[in-house]
Amino acid sequence: QLSSAAANTEGGGDNKTTDEDDSEDKAAQSLLNKLIRSNLVNNTNQVEVLQKDPNSPLYSVKSFEELRLKPQLLQGVYGMGFNRPSKIQETALPMMLAEPPQNLIAQSQSGTGKTAAFVLAMLSHVDPNNKFPQCLCVSPTYELALQTGKVIEQMGKYYPEVKLVYAIRGNKLQRGLKLEEQIVIGTPGTMLDWCSKLRFIDPKKIKVFVLDEADVMIATQGHQDQSIRIQRMLPKNCQMLLFSATFEESVWNFAQRIVPDPNIIKLKREEETLDTIKQYYVLCNNKEEKFQALCNLYGAITIAQAMIFCHTRKTAGWLAGELSREGHQVALLSGEMQVEQRAAVIERFRDGKEKVLVTTNVCARGIDVEQVSVVINFDMPVDKDGNPDNETYLHRIGRTGRFGKRGLAINMVDSKMSMNILNRIQEHFSECDDVVFVIDKSIIF
Ligand code: ADP
């Protein structure tokens, strides 16, 4: 009963993933999520806290007033439209603002309020009367540093005495200059040069050191060592803060080298489930038949918004072209686009200006578009060794329990190999006790 077509071998594009691609990819994902995000991500999980001193009382706040912020900063916070601290901020803020300062390692998925939290901590700790750098914040890329800089500017809007400068490549300062800005934000390499070789910054006067996006940071060659070298120049009593969206072993090892005696806060990602999703597969013989099947389905899927996933850029480009030729209006999100272009495409899609988004696995990984209720795997998700990528399947198709909306997933199968992948994915999820995982054969094609 299986289709006997030869394995579909698709050429070229983004099959290869080197470490460098991987780190660029992570940084791009993180930036995209920041650019398209307009508010907090919902998370119903409990915050886990591990205190350095388990006997000291654990404070958490339900309002910004309780933090006794400077009035200018409270005004800045409310000016940004924040009413109350986010889940992670409830615990992280009192720890970061405590006297004496406490070190912190915090992990939670992107969009949960980490940046806003450490920006508030930096702004609270600087003394605007002192005209020298007091806070350093390192980010993995120039673009991410700029994004954080924007948050500092917004939150510090009513506190204009505090100044900010970017330690990024291309920002060339005169030799011998001593910076007067209280906050320096930048990438590890330039920051290290400014602290050591060029001496624009006196590291001994730094009170707060923030390392943002630790998981992205360690994916880039050299960033880890540079960060550690900066950290070593700072005084013993400098407050060290490290943030990460994920917490693999490698991130954890790095975190411990950057932050001595830390308090640790973790907020688990909201579980995704497949319970409310109807899953189907369609048997075809080749790419052209898959396209035909897709056209047959088209009327049904565009009732809602759909995302179509392809394995390579080449296929995604081809498919978007063919669909357009058929007169369908589709958007294409592809890896060769600039990050800003990609953000613009996602934003249009999120706003419902386009109903269908064609993209590749790599490009759309980790991007949350909540309102999508139809997902089409034009190619089944596989990892770089050709094995089923269960996690990607779940992330694409799954819904967080909280939103729990109904959805539809259609898998396009065009060879024994892709049928095998589908079966293995099904087996994988059937082994999880509490998931009902059934993929029905579609009657449509
Ligand atoms: P992260 O650094 O974890 O990715 P951000 O600090 O960038 O998260 O916050 C995600 C989004 O939520 C941003 O748009 C930010 O302005 C907003 N935000 C942060 N804290 C709050 C809050 N307490 N109330 C409302 N919105 C918030």
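Biologist: Which ring does the charged end of R396 sit over?
Modeller: The ring of F309; the charged end of R396 is 4.0 Å from the centre of that ring. Bear in mind that this is a predicted model.

Biologist: And K287, which ring is under its charged end?
Modeller: That is W318, with the charged end of K287 4.4 Å from the ring centre. W318 also belongs to an aromatic cluster, together with F291 and F378.

Biologist: Staying with rings, how many aromatic pairs does the count come to?
Modeller: The count comes to 7 aromatic pairs. One of them is F64 with Y78, whose ring centres are 6.4 Å apart.

Biologist: Why is the pair of F64 and Y78 called edge-to-face?
Modeller: Because the planes of the two rings stand at 85 degrees, and over 60 degrees counts as edge-to-face.

Biologist: Where in the chain do F64 and Y78 lie?
Modeller: F64 is in the loop between β1 (47–50) and α2 (71–79), and Y78 is in helix α2. They are 14 residues apart, and the pair links distant parts of the chain.

Biologist: Is F64 buried or exposed?
Modeller: F64 is buried, at a relative accessible area of 2%. Y78 is partly exposed, at 32%, because buried requires under 20% and exposed over 50%.

Biologist: What about W194 and F200, what is the geometry there?
Modeller: They form an edge-to-face aromatic pair, 5.5 Å centre to centre with 85 degrees between the planes. Both W194 and F200 are buried.

Biologist: Change of topic: the ligand. Which residues come nearest to it?
Modeller: R84, Q89, G111, K114 and T115 come nearest, out of 18 residues around the ligand.

Biologist: How does that shell split by class?
Modeller: The shell has 5 nonpolar, 10 polar and 3 charged residues.

Biologist: Which helix gives the most to the shell?
Modeller: Helix α4, residues 114–125, gives the most, with 3 residues.

Biologist: How much of the ligand does the protein bury?
Modeller: Taken alone, the ligand exposes 550 Å², and the protein buries 83% of that.

Biologist: Now the backbone. Which peptide bond is cis?
Modeller: The bond from E99 to P100 is cis, with omega near -10 degrees. P100 is found in the loop between α3 (87–97) and β2 (104–108). For context, most peptide bonds are trans.

Biologist: What is the phi of R199?
Modeller: About 55 degrees, a positive value, although R199 is not a glycine. Most residues other than glycine have a negative phi. R199 lies in the loop between α6 and β6 and counts as exposed, at 55% relative accessibility.

Biologist: And where does D261 lie?
Modeller: D261 is in the loop between α9 (249–258) and β8 (263–267). Its phi is near 40 degrees, again positive in a residue other than glycine. D261 is exposed, with a relative accessible area of 55%.

Biologist: Last one, L198: where does it lie?
Modeller: L198 is in the loop between α6 (188–195) and β6 (208–211). L198 counts as partly exposed, at 25% relative accessibility.

Biologist: How far apart are the C-alpha atoms of L198 and F254?
Modeller: They are separated by 26 Å, and the two residues are 56 residues apart along the chain.

Note on methods. Residues are numbered from 1 along each chain as its sequence is written. This is a predicted model: local features need pLDDT of at least 70, side-chain atom pairs count only at pLDDT 80 or more; totals for chains, interfaces and linings use all residues. Side-chain values use heavy atoms; hydrogens and water are left out. A residue is near a molecule or strand if one of its heavy atoms lies within 4 Å of it. Accessible areas come from the Shrake-Rupley method with a 1.4 Å probe; for residues, only the protein chains shown count as cover. Helices (H or I, at least four residues) and strands (E, at least two) are DSSP runs, numbered from the N terminus. Ala, Val, Leu, Ile, Met, Phe, Trp, Tyr, Cys and Pro count as nonpolar, Asp, Glu, Lys and Arg as charged, and the others, Gly among them, as polar. Rings of Phe, Tyr and Trp (its six-membered ring) pair if their centres lie within 6.5 Å; planes under 30 degrees apart count as stacked, over 60 as edge-to-face and the rest as tilted. Buried means under 20% relative accessible area, exposed over 50%, partly exposed in between (1.4 Å probe, protein chains only). A charge sits over a ring if NZ of Lys or CZ of Arg is within 6 Å of the ring centre and within 35 degrees of the ring normal.
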